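Hi everyone, thanks for coming.

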Amino acid sequence: MGENIRASEFYQEGDFMIGGLFNIHAEYQPQYHNTPEVLQCSDKTFYVSSYRRFQMMRFTVDEINNSSHLLPGVTLGYNIMDHCSDTQNFPGVFRILSGKDSIHPWIIEWHDSKVTAVVGPFTSPESKTVAPMFMAHFVPMISYGAASTIFSQNEIYPSFLRTVHSNKDMVEVIIHMLLYFRWHWVAILNVDNDYGNDGYTVFAKMIQDTDICLAYSKKLDGNTNYTTVFEKLQTLRIQVIIVFAIEWTAEQLIPSAIQMNVTNKTWIAVDAWALNKKLPKMPGIRNIGTVIGIAEPDISIPGFDEFISYLQNENQPGEFCNQFCNCSDLSPVGILSAENSFNLQVYLAVYGIAQALHKILQCGDEKCNKNISIYPYMVLHELKRSKFTLLNHTIEFDKNGDLMSGYFDIITWNSSGEAERVGVYTFESAPRFFINQSKIQWHNNGQVPSSLCSPECLPGYRKNLEGSHKCCFKCVKCQKDEYINISVNPYACVACGKNEWSLEGSTSCNLRSVELISFDDPVTIVIISGTVIFVALSLLTAVLFGLNYNTPVVRSAGGPMCFLILGCLSMCSISVYFYFGTPTPASCILRYLPFQLFYTVCLACFVVRSFQIVFIFKIVSQYPSMHRLWIKYHGQWLVVVAVFMLQGTLLLIMYISAPPQPQNDTHWYIDKIILSCGIDLNIYSASFALLLLLCFLCFVFSYMGKDLPKNYNEAKAITFCLFLLILTWVLFATIFMLYRGKHIQTVNALAILSSLYAFLLWYFCPKSYIILFQPQKNTQQHFQGLIKTYNQANK
């Protein structure tokens, strides 16, 4: 068989030899034998496209040998193998390595082999099988079709390079396209070999952080039941199918889809079958839907057509193959009409080797230094450093032997059965994707089809997952004071900040307006003015009472206790000033503490005063000893001091444990912040209970003294004051339950001021009026006459 090899177009002598592995006949479904048998490449598995690539290598070598600029004076030869099986072609690989018919591997010490590099094989399984033999001696192996990412592992495949983009690049384009068309519910069908399984693995990994869901996957082989596959696709309502397969798998899958009446799908074809010539012209192909492919550039090589036309005169029957086959009836027309995919990659691979040799041999414009001994590792070193441009393609390899630049064509199968270029994806520092949708003949009445498990949520809705897929969900509206940012997390509504608000179904929050009553507000000015007037009136009343201290009216009003009451009422007015402006921890304390503490003293004084009058007129005669003790130990002052100490202790404990704090009230108004002071009514209930108890006792003693002499009868005045006090706070509580706007602070301040004026106007003012305008009633005789009348009436 060696003589046939030498005489055929598979072998050509040269100063430096390039090996070639082309699967002109491809046994993708290997036959298993119980005993060793001679390999026969079947004519039934002959691929014209592979034969075209084989001829592209011969053409490229011929073009380089005829070039006056590249490798001048040096000839390249080739030793090509019809690599129709990835497991049974080792003898042919050994022949390439040894440079003769020997099946012994190439050994560097022999210096017999002139093979400096190998072009091929085409597929990932074939490359994975034979690569270790070349890697062991760092023989550069430039594949024009093996895309599996495993070959990017430089530590395992140190001398492996490729002029085709890896599966990682292919998947990157697929994902970009899926996201561009918003196809999030997809299936992947991959051939069950190193190429397809690697594509599936890379795809599944790269979509993890995207909105794409892999709804279904299936490995395809010669025994695949396509009926089950298509039924599953229909059940899951999958409209986009990625077919990560080689040519023979696609030629089983697509006809099966046509036969089983699979309609209205979008098929994404990888470069291994996107430019297939037969499938786009099959009857019924338009019924299956739209086919969009990602393909290596389909570029015509100048001079190649003429080279193929010359083959008709060159070939002779029986000298065509270096396997047991007969392909001599293939015409140039058949070769030129075959699929053109991966031809450019062969062309670039051969030129890459030639460029490396050109540098190693120190070639000039006219000659090269042939005295330099060349070994494969030297060629490998130069290949990894090389960077050249050919047919507007820049060839540069990274440290793993992968291409650093280039582009993919985006194609579609049009109604004429041709692969029409509709877009491009370039691999640059910033990848660029472009597609002209108007050129795509969509099966969905010209509209871009949809492929979603669940329709996208409206703005303001979050996704509530159903099942294991992130693409299957229900849409739930975000509540008030929540929003959703789908670019950050489409599955959770986020609470707005304390100073923000939103309506239901919002995608952002709005800043709340801050409301408070300032000191320059007209209402504030009126209330503060009223408070100042109150303090002034209290002071004037105290002065008046002081000047008339020994008169009966002052003594009957309480004598020295009147000054305590007036002083405490004035101290209570301090609270009014702190209901305006921006609340602070100090202002919140002063808003409540003065009123709570000193108003307690006031009520205690009125309780004592009411009790004392009743005691004198109704109890002293029955319990004279009690009266003596009350007088001796100043009972009225002991009660007032005791109440003051009790309330002071309660307030001290409460203000230390839970002092009033500034708070932003956002519950009543969705778009406003009402600045207020928060107080825990449960904690302060004991203090308020003491105030209520004093009011109750005051009312009881006042009622008991309702029939006392007029000038000593304080019941009506105190009762009316208590009635005004209760009415004021009931009204405030009602307003507080219905309204919580900024003016609630104003109402609270008015309630305090009203509570103060109640005692000043209805208790002290009538007595001041008698002192000023009815002095005849402010005499000892007048009071004694009233007492005498009362005693006579009660005998």
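The largest cavity in this predicted model has a volume of about 190 Å³. By cavity I mean a set of points on a 1 Å grid over the protein atoms alone, where a 1.4 Å probe fits but cannot get out. Points are joined across faces, edges and corners, and the volume is the space filled by probe spheres set on them.

Who lines it? There are 18 lining residues (those with an atom within 4 Å of a point), and Phe 122, Thr 123, Ile 246, Ala 272 and Phe 342 lie nearest the centre. Helix α2, residues 48–65, gives the most to this lining, with three residues. Helices here are DSSP runs of H or I with at least four residues, strands are E runs of at least two, and both are numbered from the N terminus. By class, the lining has eight nonpolar, six polar and four charged residues. Ala, Val, Leu, Ile, Met, Phe, Trp, Tyr, Cys and Pro count as nonpolar, Asp, Glu, Lys and Arg as charged, and the others, Gly among them, as polar.

On to the second largest cavity, at about 80 Å³. Of its 13 lining residues, His 165, His 393, Leu 403, Ser 405 and Gly 406 lie nearest the centre. Two or more residues come from each of α11 (343–360) and β13 (393–396), and β13 has the largest share, three. The classes here are five nonpolar, seven polar and one charged.

Across the whole structure, the search finds five cavities of 30 Å³ or more.

Some housekeeping: local features need pLDDT of at least 70 and side-chain atom pairs count only at 80 or more, while totals for chains, interfaces and linings use all residues. Residues are numbered from 1 along each chain as its sequence is written, and side-chain values use heavy atoms, leaving out hydrogens and water.

Methods
On a 1 Å grid over the protein atoms alone, a cavity is a set of points where a 1.4 Å probe fits but cannot get out, and a pocket is an open set with protein on both sides within 12 Å along at least five of seven lines; lining residues have an atom within 4 Å of a point.
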